[in-house]
Amino acid sequence: MKAAPFEYVRPASLADALELLAEPGPETRIIAGGQSLVPMMAMRLARPGRLVDIAGLDALAGIGRGDGGIVVGAATVQAEAERSPLLAAEAPLLAAALPHVGHVQTRNRGTIGGSVAHCDPAAEILLAALAMRAEVELASVRGPRRLALRDFAVGAMMTAAEDDEMLVRVLLPARPAGLAIGAAVREVSARAGDFAVLAAAAEIGLDEDGVCRHLRLAVGGASPVPVTAEAAERALLGTRADTDAVREATRLVAPLLEPWDDQRASASYRRRVAPGLLARALETAAERARSPEE
Amino acid sequence: MPVPVTISVNGRAVSDTVEPRVTLVDFLRDRLGLTGTHVGCEQGVCGACSVLLDGVPVRSCLLFAVQAGNRSVTTVEGLDDAILLDAFEETHAMQCGYCTPGMLIAARGLLSDTPDPSEDDIREAISGTLCRCTGYVQIVEAIALAATRLRQDERHG
């Protein structure tokens with residue numbers, strides 16, 4: 001349970017970090033919090049020849065407004081995001097996901113971008129950001145590029161980033177104006193904080209008549225990349241999202257799932273439970289939208 | 001190849017050279033002889049190796065020592081916290097002692113920003129630290145007792 005030898009570099013700037021990524025030579029991996037990478041290295045599932053530590057680069061940390069929404073620096077620590085009033089107010093679904101991520105000790109080190117780039121099928125941050133239709137910005141010596149998160153997260157633990165590219169920002173769209181918003185994340189796990197067997201994210205926006213005008217629904221842990229339940233969203237827009245409608249609509253996620261058997265749960269368990277879990281997340285979100293003071 | 005690193009450990013600056021692959025917990029125990037921090041799973045699951053990094057609890061097996069360069073680490077040896085330690089003793093909040101350093105660090109982290117925690121807050125704060133004797137009830141009691149006494153101490157002190 002010890003990592004193989006590697007070279008460690010702490011660049012002074014993002015430009016220096018990108019130069020290091022572009023150099024030929026040993027397999028180079030970015031490390032920030034290392035809460036997924038270090039255990040993988042300890043188990044020798046990852047064996048990079050060089051680590052480039054971006055944890056101290058101020059240009060990559062912090063949460064602010066920009067690009068018509070909320071911009072989260074890739075190296076923003078999860079615990080900091082959890083305490084952010086801006087994130088709570090403007091990106092409530094991501095804020096609802098954060099308490100489910102690991103434990104206090106890992107959230108004090110782990111970063112938003114690290115979780116997105118790690119691309120675990122059951123990761124709550126990836127789930128919430130996909131549900132929100134986030135975009136990501138990548139950087140390399142060749143220049144920046146921006147793409148939809150769903151095009152970045154191409155498979156389990158696989159992203160569209162080239163070897164010389166790194167994730168620098170996650171861009172979350174602004175919440176819709178004039179609606180009462182509620183958001184919730186629900187998950188199935190052996191104990192609170194354990195890896196999720198299944199996770200569901202829901203954000204709803206109700207107009208003053210209680211009619212659903214905005215919906216963001218996604219399920220993680222039952223497909224290589226969390227799926228957005230677009231058919232269920234369409235089915236519920238314009239309704240009052242009552243219990244029967246929610247139960248019926250969330251079944252529409254089932255055909256999108258590609259579940260598997262592992263030590264935590266069977267494929268058939270995941271397939272049977274996912275729609276109900278999504279329904280519960282949506283019901284909690286709707287309760288929060290209807291009584292926003294809670 | 002070993003690289004130089006300077007870490008403030010329990011208020012004392014420590015300079016050494018270290019292989020990048022050496023975790024902070026191995027550095028603390030093997031190089032500095034600070035064996036109060038326990039090493040359990042070495043993959044970030046058990047929480048026994050928790051230390052304070054710049055005042056907040058982190059797992060020292062998920063951190064290479066080089067990553068702690070120019071930062072401040074507090075181990076259980078540096079936890080100058082008689083009220084918390086006494087509360088653990090009085091409520092019998094330790095059996096084999098394997099998890100105790102991690103529990104104390106988790107408790108310190110909680111009480112530093114939540115002086116009046118609910119039972120749920122306490123359970124959440126220690127949820128990342130496994131007690132293999134399953135003596136959680138007494139640990140929760142100990143932290144609640146310490147919180148009460150620290151608040152009284154604050155008022156009278």
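Student: What radius of gyration would a compact globule with 294 residues have, and what value does chain A have?

Tutor: This is a predicted model, in which local features need pLDDT of at least 70 and side-chain atom pairs count only at pLDDT 80 or more, whereas totals for chains, interfaces and linings use all residues. Residues are numbered from 1 along each chain as its sequence is written, while chains are lettered from A and ligands numbered from 1 in the order in which they are written.

For 294 residues a compact globule would have a radius of gyration near 19 Å, and the value for chain A is 19 Å, which agrees; the radius is taken over C-alpha atoms, and the globule rule is 2.2 Å times the number of residues to the power 0.38. The C-alpha trace of chain A spans about 60 × 40 × 30 Å along its principal axes. Of the 294 residues in chain A, 52% are buried, where buried stands for 20 or more other C-beta atoms within 10 Å of the residue's own, exposed for 12 or fewer and partly exposed for what lies in between, with C-beta atoms placed from the backbone.

Among the contacts in chain A with a separation of 6 or more, 65% join residues 24 or more positions apart; two residues are in contact if their C-beta atoms, placed from the backbone, lie within 7 Å.

Chain A is divided into domain 1 (7–53), domain 2 (58–173) and domain 3 (180–290), with bounds that come from an automatic or database domain assignment. The C-alpha centres of domain 2 and domain 3 of chain A are 20 Å apart, and their contact takes 20 residues from domain 2 and 21 residues from domain 3. On the domain 2 side of that contact, α5 (92–97), α8 (124–131) and β8 (153–155) of chain A each supply at least two residues, and the largest share, six residues, comes from α8(A). By class, this side has 15 nonpolar, four polar and one charged residues, where Ala, Val, Leu, Ile, Met, Phe, Trp, Tyr, Cys and Pro count as nonpolar, Asp, Glu, Lys and Arg as charged, and the others, Gly among them, as polar.

The contact between the chains takes 24 residues from chain A and 21 residues from chain B. Strand β4 (residues 56–59) of chain B gives the most to the side of chain B that touches chain A, namely four residues, and the residues of that side divide into nine nonpolar, eight polar and four charged.

Turning to chain B, a compact globule with 157 residues would have a radius of gyration near 15 Å, and chain B has 16 Å, which agrees. Its C-alpha trace spans about 50 × 35 × 25 Å along the principal axes, and 45% of the 157 residues of chain B count as buried. Chain B has five helices and five strands, which run β-β-α-β-β-β-α-α-α-α from the N terminus on.

Chain B is divided into domain 1 (3–78) and domain 2 (82–156), whose C-alpha centres lie 22 Å apart. Here 14 residues of domain 1 of chain B are in contact with 13 residues of domain 2 of chain B. On the domain 1 side, the elements that give two or more residues are β3 (50–53) and β4 of chain B, and β3(B) gives the most, with three residues. That side divides into eight nonpolar, six polar and no charged residues.
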